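Look at the sequence and the structure below.

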Amino acid sequence: AAMGGAKRPAGARGDAGAAAESATKGDGVKKPRAASKKADKKPATAPPSRDPEAGAQKWLLKSEPDEYSWDHLKGERDSTGFWDGVRNHQAKNILKSMKIGDQAFFYHSSCKVPGIVGIAEVCSEAVPDHTALDVGHKHFDAKSDPAKPTWVGLHVKTVRQLKRQVTLTELKTHKDGALSNLTLLRVPRLSCQPVSKLEWDFIVSLAEQDSA
């Protein structure tokens with residue numbers, strides 16, 4: 001999925017099977033059925049209103065590294081890939097609110113040590129996700145109308161790898177402090193999430209430290 005190629009960035013793996021990432025495995029662990037239904041009926045967070053004076057905004061994108069890792073993105077042509085596969089309306093709306101020049105933490109999910117590994121930049125606005133219309137694709141959606149596509153994706157490119165991974169476990173140690181409102185800790189099932197400037201700067205500062 002580099003610029004419309006055959007490979008598939010795993011932007012949506014955190015939607016279809018995402019669960020409470022309080023589990024050690026991350027957002028790929030199955031969640032209780034009742035919790036899933038409740039989350040589907042009432043979105044827990046919404047895209048923030050854009051402040052035209054604030055400039056580029058910050059986000060977090062989750063991907064399962066066994067399907068599409070930071071290294072996969074780096075290996076794409078121009079280190080640019082198409083973030084596809086989102087099949088959650090809340091996450092879709094967040095993707096649609098992203099603008100060129102915004103930056104996002106690249107988060108490895110559903111793995112032994114989930115956490116933030118790098119920073120990517122949005123380099124296109126949302127466009128229809130062609131994988132939803134591909135019958136042979138893992139994320140094919142028979143209900144998606146080609147004349148009015150339901151799902152979107154966008155292009156992202158690498159900016160830099162963090163000095164060290166900031167793990168979910170480490171992030172949780174700040175849940176009662178600087179990261180008390182971090183969406184990842186409150187609504188872990190979403191694969192696309194907003195991050196405030198204060199949260200962003202704090203997490204970047206953690207990555208610059210030698211160890212947790």
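Six of the six residues of strand β3 (residues 103–108) are buried, so the rest of the structure largely encloses this strand. Buried here means under 20% relative accessible area, while exposed means over 50% and partly exposed lies in between, with a 1.4 Å probe and protein chains only. Strands are DSSP runs of E with at least two residues, helices are runs of H or I with at least four, and both are numbered from the N terminus. The model is predicted, and local features need pLDDT of at least 70, side-chain atom pairs count only at pLDDT 80 or more, and totals for chains, interfaces and linings use all residues. Residues are numbered from 1 along each chain as its sequence is written, and side-chain values use heavy atoms, leaving out hydrogens and water.

Both faces of β3 are covered: one side carries Q103, F105 and Y107, the other A104, F106 and H108, and all of these are buried.

Which strands pair with β3? Strands count as paired if DSSP finds at least two bridges between them. Strand β1 (residues 58–63) pairs with β3 in the parallel sense over six bridges. Within this pairing, W59 has A104 as its bridge partner, and L61 stands opposite F106. Strand β4 (residues 115–122) runs antiparallel to β3 and is joined to it by six bridges. There, G115 is the bridge partner of H108. The hairpin of β3 and β4 has six residues between the strands, and S110 takes a positive phi near 50° in it.

β1 is mostly covered as well, with six of its six residues buried. K58, L60 and K62 point one way from the strand, and W59, L61 and S63 point the other way. β1 also pairs with strand β7 (residues 192–195), antiparallel and through four bridges. In β7, C192 is the bridge partner of L61.

In soluble globular proteins, nonpolar side chains tend to be buried together. A nonpolar core is a set of buried Ala, Val, Leu, Ile, Met, Phe, Trp, Tyr and Cys residues joined through side-chain atoms within 4.5 Å. The largest such core in this model has 22 residues, and L61, L95, M98 and C192 have the most contacts inside it. Two or more residues each come from β1, α3 (70–75), α4 (89–97), β3, β4 and β6 (152–167). Another core lies apart from it, with 18 residues, among them Y107, V166, L171 and W200.
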